[in-house]
Amino acid sequence: GPTIIASDGGATPGKGSHGWVLASAQGQVLVKGHGVVPGKDPRSYRSEAYAMNIPLRLMLLLREYFGPDHNFTHDLKVVCDNQGLVKKLYKLSSYRTAIIQAITHPEWDVVSRTHNTIQELNQLLLDPVKLEWVKSHQDEQLEPHQQKLEVKLNIEADKEATKGLAMDPIVMVPLDPDAKAQFDLHGKTITRSIRAEIHTAVGAP
């Protein structure tokens, strides 16, 4: 079976976080992590994309380290509870013009990086990376014995994202080469609603 990544993002006013786990096909958690999502008031969508991209980048490094003959890096499934992000990434992979249309979309820097990371992995793995949406917070409706593996791993990723929310926020985003450019205003990186932010800044005393 495939190696499984489960990722989740957290957000509170002024702060975003990421959490993720990397597990074997049998559900053994091999590595997990959490942290802060940089940016001015990052929302859930940005946090989810960060959370997905980080373990995908890790998989690229593991592939480089272990080489093509290790089963760990042959097949990969990514589980995410943000349906909009999953649909966006599938669309970017399926339609040639989708990337051009999405360049001005909110959070394009991290979405484009995640898309490009998936494409890099697709060139190396036996099968393309599989993306799967799961409903969030199923631990509130289902007992542990009723939860499928993907749900359990999503719950673990959510716990990691919650830890990230306890960390101090970072308002400046390190420029990702895939993004080409970004908009910084008054010492903070603006990743969405750019026109509104400019209007607010111009009208501010």
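**Terms and the values behind them**

Modeller: A polar contact of 2.9 Å links the side chains of Asp75 and Lys130. The model is a predicted one.

Colleague: Why is the pair Asp75 and Lys130 called a polar contact?

Modeller: The cut-off for a pair of N or O atoms is 3.5 Å. The side chains of Asp75 and Lys130 are joined at 2.9 Å, which is within 3.5 Å, so the pair is called a polar contact.

Colleague: Where does Asp75 lie, and what is Asp75 in contact with beyond its neighbours within four places in sequence?

Modeller: Asp75 sits in the loop between α1 (44-66) and β4 (76-80). Leaving aside neighbours within four places in sequence, its contacts are Pro2, Thr3, Asp127 and Lys130.

Colleague: What makes Asp75 buried?

Modeller: Buried means under 20% relative accessible area. Asp75 has 18%, so Asp75 counts as buried.

Colleague: Why is Asp41 called partly exposed?

Modeller: The relative accessible area of Asp41 is 22%, so Asp41 is partly exposed. Asp41 is in the loop between β3 (29-37) and α1. Its phi is near 50°, a positive value in a residue other than glycine.

Colleague: What is the phi of His186, and how do you know whether His186 is buried or exposed?

Modeller: Phi of His186 is near 55°, again a positive value in a residue other than glycine. Exposed means over 50% relative accessible area. His186 has 69%, so His186 is exposed. The loop that holds His186 runs between β6 (183-185) and β7 (188-190).

Colleague: How far is Thr114 from Arg43?

Modeller: Thr114 and Arg43 are 71 residues apart in sequence and 17 Å apart in space, C-alpha to C-alpha. Contact needs heavy atoms within 4.5 Å.

Colleague: Now the whole chain. How many helices and strands does the protein chain have, and what makes the chain as compact as a globular protein of its length?

Modeller: The protein chain has 6 helices and 7 strands, in the order β-β-β-α-β-α-α-α-β-α-β-β-α along the sequence. Its radius of gyration is 17 Å, close to the 17 Å that the globule rule gives for 205 residues, so the chain is as compact as a globular protein of that length. Along its principal axes the C-alpha trace spans about 60 × 40 × 30 Å.

Colleague: What percentage of the residues of the protein chain count as buried?

Modeller: Of the 205 residues, 46% count as buried. The chain exposes about 11,000 Å², with carbon and sulfur atoms supplying 55% of it.

Technical notes
Residues are numbered from 1 along each chain as its sequence is written. This is a predicted model: local features need pLDDT of at least 70, side-chain atom pairs count only at pLDDT 80 or more; totals for chains, interfaces and linings use all residues. Side-chain values use heavy atoms; hydrogens and water are left out. Helices (H or I, at least four residues) and strands (E, at least two) are DSSP runs, numbered from the N terminus. The radius of gyration is taken over C-alpha atoms; the globule rule is 2.2 Å times the number of residues to the power 0.38. Buried means under 20% relative accessible area, exposed over 50%, partly exposed in between (1.4 Å probe, protein chains only). Accessible areas come from the Shrake-Rupley method with a 1.4 Å probe; for residues, only the protein chains shown count as cover. A polar contact is a pair of N or O atoms within 3.5 Å; within protein, one must be able to donate a hydrogen and the other to accept it, and residues adjacent in sequence count only if both atoms are side-chain atoms.
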